[in-house]
Amino acid sequence: MTQPAAQIELAVTPRSVLGKKVKTLRRQGITPANIYGHGIPSQAVQMPTPDLAQTIRVVGRNTMLQLHVEGEKKRRPVFVRHVQRNPITDEFLHVDFYQVSLKEKIRLDVPLVIVGEAPAVSVHQGILLQSVNVVSMEGLPGDLPPHIEVDVSGLEEIDDAIHIKDLEVSPNVTLLVDPELAVAKVAAPRLVEEEVEEEVEEEAEVPEEEVEGEKVEAEEKKKEGEEE
């Protein structure tokens, strides 16, 4: 069963530089940010860009982290809600942290990660198809996992599948998806090839009306040329 990630901390300091003046912070290797959440006032903060980059690489946007705001005794539980980057240099421009209450349930989109090897693929040369990459779930922030592992080692035959109801998750969270929805399935190679061929044929087909229209247009142009 996928477990919630260990707590990760990030130290930030209150920010007094606002508006367009934050450009000076970026030149100094500091990234401006804001903390906001349900029922709490928004607060401007900042942190060293290298610290932020390291944290983002570890937590992404699906893992709760603890913000240590300078001058405050308690850590703030937050999720990375929005990261703004320079489209050319990819440098961090601004980050939004969403503060949550550990006693209130939230909804989160959690990615699915395929693990293991399906015998239906290694032995029967089947094709593993993953039809769902992310699922929505609800629970207390501390119970939500950063991802859910989908073990396909039990798929032994062609057409074997894993459904939402088969996923192993904590009883403290609720999956907000149809339990009968297939997450991963092993298809026969021939069926996959036929589907690809059908798509190619459909793209190659030209509607008869278009062909007839082109013929008529060509004949009219020919007549106009003869009359001239």
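**Conventions**

I number residues from 1 along each chain as its sequence is written, and I use heavy atoms for side-chain values, with hydrogens and water left out. Because the model is predicted, I require pLDDT of at least 70 for local features and count side-chain atom pairs only at pLDDT 80 or more, while totals for chains, interfaces and linings use all residues.

**Entry 1: the whole chain**

I listed the secondary structure and found five helices and 13 strands. Helices (H or I, at least four residues) and strands (E, at least two) are DSSP runs, numbered from the N terminus. Of the 228 residues in the chain, 33% are buried. For burial I use relative accessible area: buried is under 20%, exposed is over 50%, and partly exposed lies in between (1.4 Å probe, protein chains only). The chain exposes about 14,700 Å², and carbon and sulfur atoms supply 49% of that area. Areas come from the Shrake-Rupley method with a 1.4 Å probe; for residues, only the protein chains shown count as cover. I then looked at contacts (heavy atoms within 4.5 Å). Among those between residues at least 6 apart in sequence, 64% join residues at least 24 apart.

**Entry 2: the cores**

I searched for nonpolar cores, that is, sets of buried Ala, Val, Leu, Ile, Met, Phe, Trp, Tyr and Cys residues joined through side-chain atoms within 4.5 Å. The largest has 26 residues, and those with the most contacts inside it include Leu112, Val135, Met137 and Leu175. Strands S7 (106-115), S9 (134-139), S10 (148-151) and S13 (182-187) each give two or more residues to this core. S7 provides the largest share, four residues. At least three residues of this core come from each of domain 1 (8-102) and domain 2 (107-187); the domain bounds come from an automatic or database domain assignment.

Leaving out residues up to four places away in sequence, Met137 touches, among others, Ile106, Leu108, Val110, Ile148, Val169 and Leu176. As a general note, nonpolar side chains tend to be buried together in soluble globular proteins.

**Entry 3: strand S4 and its partners**

Which strands pair with S4? I count two strands as paired if DSSP finds at least two bridges between them. Strand S1 (residues 9-14) pairs with S4 in the parallel sense over four bridges, and Leu10 has Leu67 of S4 as its bridge partner. S4 and S5 run antiparallel and are joined by three bridges; there, Gln66 has Pro77 of S5 as its bridge partner. The hairpin of S4 and S5 has six residues between the strands, and Gly71 takes a positive phi near 95° in it. I also checked cover: four of the five residues of S4 are buried.

**Entry 4: Thr63**

Is Thr63 buried or exposed? Thr63 counts as buried because its relative accessibility is 7%. Thr63 lies in the loop between helix H2 (49-59) and strand S4 (65-69). A polar atom of its side chain lies 3.3 Å from the backbone oxygen of Val59. Thr63 and Phe79 are 16 residues apart in sequence, with their C-alpha atoms 6.5 Å apart.

Gln46 lies in strand S3 (residues 40-48), and I class Gln46 as buried because its relative accessibility is 15%. Beyond neighbours within four places in sequence, its contacts include Val12, Pro14, Leu25 and Ile30.

His163 sits in strand S11 (residues 161-163) and, at 23% relative accessibility, counts as partly exposed. Not counting residues up to four places away in sequence, His163 touches Pro179, Glu180, Leu181, Ala182 and Val183.

**Entry 5: positive phi**

Most residues other than glycine have a negative phi. I therefore noted Asp90, whose phi is positive at about 70° although Asp90 is not a glycine. Asp90 lies in the loop between strand S5 (76-85) and strand S6 (92-99), and at 46% relative accessibility Asp90 counts as partly exposed. Gln125 also has a positive phi, near 60°, and is found in the loop between helix H3 (119-122) and strand S8 (127-130).

Notes:
Polar contact = N/O pair within 3.5 Å; in protein donor to acceptor, adjacent residues only side chain to side chain.
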